[in-house]
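Here is a short briefing for your first look at this structure. Keep the sequence beside you as you read.

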Amino acid sequence: MWWRWFTRREFHLRPLSKTSHEILSFIFFLLPSFVGVCYFVLLPFADVVRRSFTDTMASKFVGLRNYSGVLRNEAFQLAVSNTVRFVLVCIPLLLILSLMLALLVRKVTIGADFYKTSFLLPMVIPVASMVLLWRMFFAKQGFVNSLLSCLDIAPTDWMNTGWSFAVLVGSYIWRNIGYDMILWLAGMSGIPAALYEAARVDGAGPIQCFFFITLPQLRSSLLIISILSILNSFKVFREAYLIAGNYPHDSIYLLQHLFNNWFTNLDIQKLCAAAVLVAAVIMALIFVLQAVWGQEECR
Amino acid sequence: MNFLLDFQEVLEIPSGIINLLILGVKESMRSLKCLSILMCLVLLFSACTKTKDYAMKEKEGSKILTGRYLEEKIDFPEFTNVITMDQVADNTYMTLGTKNGYDPPYEVWCSEDNGNTWKEKKYDSLSDMLIISATFTANGGLYATFISDDSNPNSLQYQTAFIDEKGITVLQGVEELSQYNQGLAVTKSEDLLINQGTNLLQCDLDGVEAPISYVAGSPLWAGSYRVFEDRLIMSCKEEIQIFDTNTGSKIGGVICKTNSNSPRVVATQSDDSGIFYCDDTGLYRITMDGVITEQVIDGTLSTFGMPSVNLLGLFPDSDNNFLLLCKANDKIELKSFSYDPNALLEPSKNLILFSLNDDKFIRQAIGLYQREHPDIKITYQVAVSGTDAITASDAKRQLSTELLSGNGPDILILDNLPIESFIRQGVLADLKESIQGLDNELFRNISEQYLSSEGCFAFPARMSTQIIAGVNIEGVHTIGDLVNYIDSQSDKRTGITPKLIMELFYPICVPSWFNANGEINESTMRTDLTTLKHLAEISSQNKNVPYLNAQSTRWSGKGLSLIYGQLDNLEDMSYVYSAIDKRQEGVVKLFPDVSGGVLIPSSILGVNAASKEATIAKDFVQFALSFEAQNNSFETGMPTNLNALEAIGKSHEPGFYFGGGGETDKTTGENYELGALWFTELQLSQIISLLESAEMGTPISVDVQQIIVDEATKCFNGTQSIDDTLSILNQVVTRHLQENS
């Protein structure tokens, strides 16, 4: 056994130099989390990559057949386009709205904590309760339609028409705006007050201060907030799934719906190939964001 | 440093690593960093070590646990009903029963060798009596309550008498109590215990003492109370109560902890040290003080757990072996359970059978199979039991995970699972050899559909179909014809309600709603939805009468326009034919009869291709489709084994009074009555030829099916237009097809 080696008489630890000590400390501190990440993330992902080149029961190597199948799959194309559309609509909207909210909250002097907490409340509401609320609001005989009928406007089937996309976007923004606002506020608190004072002495107004001091100083925050928002946008599937089930309206048919259905139907090879493609795109996106905003920050 | 050595023992860390750790710690004990490193290492090692696993120890050790009760069927008089069976002395049992349904003549049989052989005892006075309840005394006498005057059916006269080989002595003073008599027992002091439904009344036959009442508060039958010496043991809800029959006072009680809804049968241990009780989970022994409860026989491995079995009586002997009296498939059976110290405590081979929902037929098949193979245990895993929060969707995902990891169940019941997808992905093993072994027994039209050149990966063990019966229905072939027929009737009363429409018509509509490539046939679907919507409108005033027996009863009294519903068991046909006979008009046929009707598969069996016990699993599938397992009637479907279906059809003589009763229409107050007589052989052959001409329905994705049912129901309720419904369904089906392309 390998550990017998350590028990041998001739084995003695030599005194370690300071640098070696530090390296050893780093290793020991990193090891538990590294093992965790390997065991729970990297190894499963490696298995996903392996399975993306095999058949369902991982018994036969099929080359790139799964990838070509996935790329040609119309359901995948629809899910990707919906997901991309959702990210492209939601992320800028969320970043702008949460930034505006952060600026407003920052200006509030009385009860600022109350506002911060209020905007964070949607995050702590369980998804199941929130879905019930959405159903009450957006069912065909729900609250919104009864309100519209009072105004002599024809009712709409919100979840079975193109409006479902708007409902989902609204749901996502409502849930995440508080969280992003807190992140923006954290970023703003790191901007030295002296910069604003100096600018004001030089005659800069609030708009100039915002564009020439606040925004440039928030670049590093922007990177983190964007990445977190993109990742959070994938979690919106829970709401979509609980409201509209496995097969929602075409406009809110997201990648996770497809993955979920593939998994239930044991189409694991397609699921793995698609997961690898999506992971690759997200990683590429993060690298691009990091390269663009990170470099600018360095300058 | 001793604590590290303690850690080593607890966590089973190799000693070399501990030595290294001690060395390292001694080198730099003063440093705070070292403590952190230590903690990291402990966490790391704790993650890498294994806990003491009982199963592993058992496996590693050479000791194999043995000792188990083995079951054996005993030759018993071929009774169809038993009035009583009592242990009158050591190893001596007496029983009173009939071979003619519930009717006379009654026979007394006796066994003096612990139930192994039985011989008849002639009691001349029993010849024409219609006995309600009875019990034997220790000297072989019989107390019996019988109908003494049946001239007026509305006020039958009952009497209780003492009967022996010499003659009959009618007991005076208990006539009134005899009216409410559902069972009898005798105490040690020869007092009579009369079961009055939910309480026992102890009567002194000399008339000296006042009756004593023992209240159970729950229904009592012969098996739920037992007299032992001067004690009465009585099962009441969750408790077994013990009474002193001399004083009538309660002297003890024990709580039964099993979670079963089946009736409980009680017995006392011969040395009076404990109580035995059994239900569908097994046989248990509980000490008189209620402190210790042990499972003596596992219900899942024996007759106790079989859905077709009703437990009637339990008789332990001095060696703590048991006789179990039970009723299965309208026949009385006596089983012996004897302890074999050499039998393995747990069967050596374990298989898991997965099913989304509980299935009585499968439970029965498992019980029978395990009885034939004592070395095999099949654990029945019901995913959606209703006792927890697990949904069908959760269960399916869990199953997918298990199958993909290679640790899936060995046998799958594929009802409501994506069969097509499982076959496509190679999850299911080929059952061709198992099915071909039974080819002559199975319905040819079913086996032809499931057996293909590529193999047979799933096979239904049960099936249902839809029937229509009525007058002038010869021209009713399609849903459109059916709705026109109902529309043409003056009262338009059927057992169909808008809520039932999709449930009833989905299986027969779906084959025509989809093209060969899986796409929706929009025009057919539109036509059918329009027709069904119209049916929903004209059925909106109907009351829910979903069962064929209730529909037949009403139709026989002209309370319904027609009989329409799902035929899940052959017994229902006796009602339909009896209704036709009563009205002297009408015919029955499968619906729709355009292509010979549609069979709806259920209990669909499949074997996991990755199962380590695939041979046994396939053997079980073959057994489940065999005559032996299929020759049982359940309301969940008819056998796909033709021989078994024929045997069930011939299980009673034609004209045998099978059942019947009355139905009251709460709206109109009308009463309908029908006595169901068992069908003739000609009618049986008609049913079989109808089933042979039908086709198995095409399975489609269960998720899509649920959406279709939900959306169509919205359409029938009027909350959604047909156009919107079609648009949604088209979208869903298209998406489903795209996903699987």
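V186(B) stands opposite L192(B), a residue of strand β11(B). The model is predicted, so local features need pLDDT of at least 70 and side-chain atom pairs count only at pLDDT 80 or more, while totals for chains, interfaces and linings use all residues. Residues are numbered from 1 along each chain as its sequence is written, chains are lettered from A in the order in which they are written, and side-chain values use heavy atoms, without hydrogens and water.

**The hairpin in chain B**
- Strand β10(B) covers residues 183-186, and β11(B) covers residues 192-195. Strands are DSSP runs of E with at least two residues, numbered from the N terminus.
- The two strands run antiparallel, joined by four bridges. Pairing requires at least two DSSP bridges.
- Five residues lie between the strands, and E190(B) has a positive phi near 65 degrees.
- Both faces of β10(B) are covered: G183(B) and A185(B) are buried on one side, L184(B) and V186(B) on the other. Buried means under 20% relative accessible area, exposed over 50%, partly exposed in between (1.4 Å probe, protein chains only).

**Salt bridges**
- A salt bridge needs a side-chain nitrogen of Lys or Arg within 4 Å of a carboxyl oxygen of Asp or Glu.
- E294(B) pairs with R285(B), their closest N and O atoms 3.5 Å apart. E294(B) is partly exposed at 36%; R285(B) is buried at 16%.
- D298(B) forms a salt bridge with K377(B), at 3.9 Å between the closest N and O atoms. D298(B) lies in β21 and K377(B) in β26, so the pair ties together parts 79 residues apart in sequence.
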